[in-house]
Amino acid sequence: MADSVSIKGTREGLTITFGNGEFSTLLKDLDQHLATRGAFFRGGRVALQVGERAVEEEELSQLQKLLSNHGMILRTVVSENGVTQKASNALGLRLIAPEGDQAAKTQEKPNPAPPRGPASRQQGESRGILIRRMVRSGQVIRHTGHVVILGDVNAGATIAAGGDIVVWGGLYGTAHAGFMGDRSAIICALEMFPLQLRIADFIARPEENPPSKNPYPEIARARGGRIVVEQWNKTP
Amino acid sequence: MPTRVITVTSGKGGVGKTTATANLGVALSELGNRVVVIDADIGLRNLDVVMGLQNRIIYDIVDLVEGRCRLRQALIRDRTTSELYLLPAAQSRDKTAISPADMIRVCEQLRGACDFILIDSPAGIEAGFRNAIAGADEFVLLTTPDAASVQDVDRVLGILENEGHDDLFLMINRIRPDLVQRGEMLSPAEVLRTLAIDLIGIIPETEAILVSNNKGTPIARDKSSLPGKAYINTARRLLGQDVRFLPILEGKKGIWERFGSLFLDR
């Protein structure tokens, strides 16, 4: 049974991997394991690796409790499974996709995937975060997917997204869309008065003396080697 | 009524935190509250000067936290306003002389003994600022109507909000109605648009404030003056009263009326 649960130390903390078998049995194994070597792991931050397994919220919170009994904190869940991802989100755990596995899979394919260049659209397309507050000076929102802000982005604040940036409010700070190299990323805002706009490797700043205008929604995209800002209703 | 502990802070220096703290202290005590003002700017103490109490200091806050005196001995009663007390900073030490835990302890000692504790924060967001905010539940953010000052208050607001504080009040200092009207100074509405917290005061810039600071007699004592009225009104709003903003531009249908309606719409 020792094979079904493994504990490894990494630079970030501990990684606990669950193999096959009943979840409750694995929990018992882990409990025993920690009871004997527990002091060694005390205070550790744990990343849980469950592979394809579907872990329900109830099970995940049992594990959380078990770990905290041993003085450890569950921080991250590594999973591709939808059920597990939902459970982790419900418990507010950090969720990451199993990178190593994916790399292994692409290597198995007869035709290797296109070389790692600008991150492709598809990768982050379904992911994004919604920020329902004003982003103030000095605050940084950084996400590898899309970023949607419901509120103003004030001067001195920075938004960086691997994908698109949508500001449902005024953009007065700095926004960097497609920061991993995606030149097709866009930035749009109800009121576009940024300090600086960046899309992938392009940088733009507003004119020195912009003509005063009534604010209207605008969209910025990279076109012909530079960033172009247009009124929202003129573009598809 | 439980004691309200309020820190006056701004991020940027030179916007008038010390003047505002002294005047709010005077205004609140004039309205019948017992007030203790604490100077948390250790090493650069000024609050005593603005209040005209510098020659009465025997013990300071560092003496208090290091156990060389009792709380009562360190508190200095104001010359004219009887229910106003100052706990002065030390001038010969620096910000490391006290810790946030010390500050919390001092505030706890004072709780129950007065209606308001006002803490004058040093500029910046480092150790001195951390001390100044440690014991407080409410915050008055002070800004002048210029982009740099507003941006610094925005930064401080981000820090305070991250720590779960939501009793945040805005005061706009040193407004020059003539400049605002010519569009050469940010208007209160523009400042409020960026910072989006409750506005409790607008203080006009007048020579009288500079003079009174130098003399050590806070302008709020002169209730007939425009800034004096503005401070009293600010104190009233802090007490939860609904007070209209003053039409500071006499005789002209200027920014104040427009601003007033904008404020009431919220």
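User: Let's start with β5(B). Which of its residues point one way and which the other, and are they buried or exposed?

Analyst: In this predicted model, B:F116, B:L118 and B:D120 point to one side of β5(B), while B:I117 and B:I119 point to the other, and all are buried. The strand is mostly covered, with 5 of its 5 residues buried.

User: Which strand pairs with β5(B) over 5 bridges, with B:I6 involved?

Analyst: That is β1(B), which pairs with β5(B) in the parallel sense over 5 bridges. B:I6 has B:L118 in β5(B) as its bridge partner. Strand β2 of chain B, residues 35-39, is joined to β5(B) as well, by 5 bridges, and these two run parallel. There, B:V36 has B:I117 as its bridge partner.

User: And what is the order of the strands in that sheet?

Analyst: The sheet is an open one of 8 strands in chain B, ordered β3-β4-β2-β5-β1-β6-β7-β8, and its pairing is mixed. At its edges are β3 (76-77) and β8 (198-204) of chain B, each pairing on one side only.

User: How does β8(B) connect to β7(B)?

Analyst: They run parallel and are joined by 5 bridges, with β7 of chain B covering residues 168-175. One pair to look for is B:I172, whose bridge partner in β8(B) is B:I202.

User: Switching to helices. What do the buried residues of α6(B) pack against?

Analyst: They pack against β1 (4-9), α5 and β5 (116-120) of chain B. The buried residues in α6(B) are B:G128, B:F129, B:N131, B:A132, B:I133 and B:A134. Because 6 of the 8 residues of α6(B) are buried, the helix is largely enclosed by the rest of the structure.

User: At what angle do α5(B) and α6(B) pack?

Analyst: The angle is about 25 degrees, and the axes are 7 Å apart. In chain B, helix α5 spans residues 100-110 and helix α6 spans residues 127-134. Angles under 35 degrees count as roughly parallel, and α5(B) and α6(B) are therefore roughly parallel to each other. The crossing of α5(B) past α6(B) is right-handed.

User: Which residues make that contact?

Analyst: From α5(B) come B:P100, B:M103 and B:I104, and from α6(B) come B:R130, B:N131 and B:A134. By class, this contact has 4 nonpolar, 1 polar and 1 charged residues.

User: Can you zoom out? How many helices and strands does chain B have?

Analyst: Chain B has 12 helices and 8 strands. Of its 266 residues, 50% are buried. Looking at contacts in chain B with a separation of 6 or more, 74% of them are between residues 24 or more positions apart.

User: Now chain A. What is the strand order in its open sheet of 6 strands?

Analyst: In chain A the order is β6-β8-β10-β12-β15-β16, with mixed pairing. The edge strands are β6 (128-131) and β16 (226-231) of chain A, and each of them pairs on one side only. On average, neighbouring strands of this sheet are turned by 20 degrees against each other, direction ignored.

User: Which way does β12(A) run against β15(A), parallel or antiparallel?

Analyst: Those two run antiparallel, joined by 4 bridges, and β15 of chain A covers residues 218-223. A:A189 has A:E218 in β15(A) as its bridge partner. A:E218 also stands opposite A:Q231 in β16(A), and β15(A) and β16(A) pair in the antiparallel sense over 6 bridges. By contrast, β10 (residues 165-171) and β12 (residues 186-192) of chain A pair in the parallel sense over 5 bridges. In that pairing, A:G170 stands opposite A:E191 in β12(A).

User: I've clicked on A:D29. Where is it found?

Analyst: A:D29 is in helix α1 of chain A, residues 23-41. A:D29 has 17 C-beta neighbours inside 10 Å, so it counts as partly exposed. Its C-alpha atom is separated by 7.2 Å from that of A:V5, although A:D29 and A:V5 are 24 residues apart along the chain.

User: Last one: how many residues of chain A are in contact with chain B?

Analyst: 8 residues of chain A are in contact with 7 residues of chain B. The chain A side divides into 2 nonpolar, 5 polar and 1 charged.

Note on methods
Residues numbered from 1 in each chain as written. Chains lettered and ligands numbered in written order. Predicted model: local features only at pLDDT ≥ 70, side-chain atom pairs only at ≥ 80, totals over all residues. Contact = placed C-beta atoms within 7 Å. Nonpolar A, V, L, I, M, F, W, Y, C, P; charged D, E, K, R; others polar. Axes fitted to C-alpha atoms, helices over the stretch in contact; angles between N-to-C directions. Parallel < 35°, antiparallel > 145°, perpendicular 65-115°, else oblique. Left-handed = near helix turned anticlockwise from the far one by under 90°. Buried ≥ 20, exposed ≤ 12 C-beta atoms within 10 Å, placed from the backbone. Pairing = 2+ DSSP bridges.
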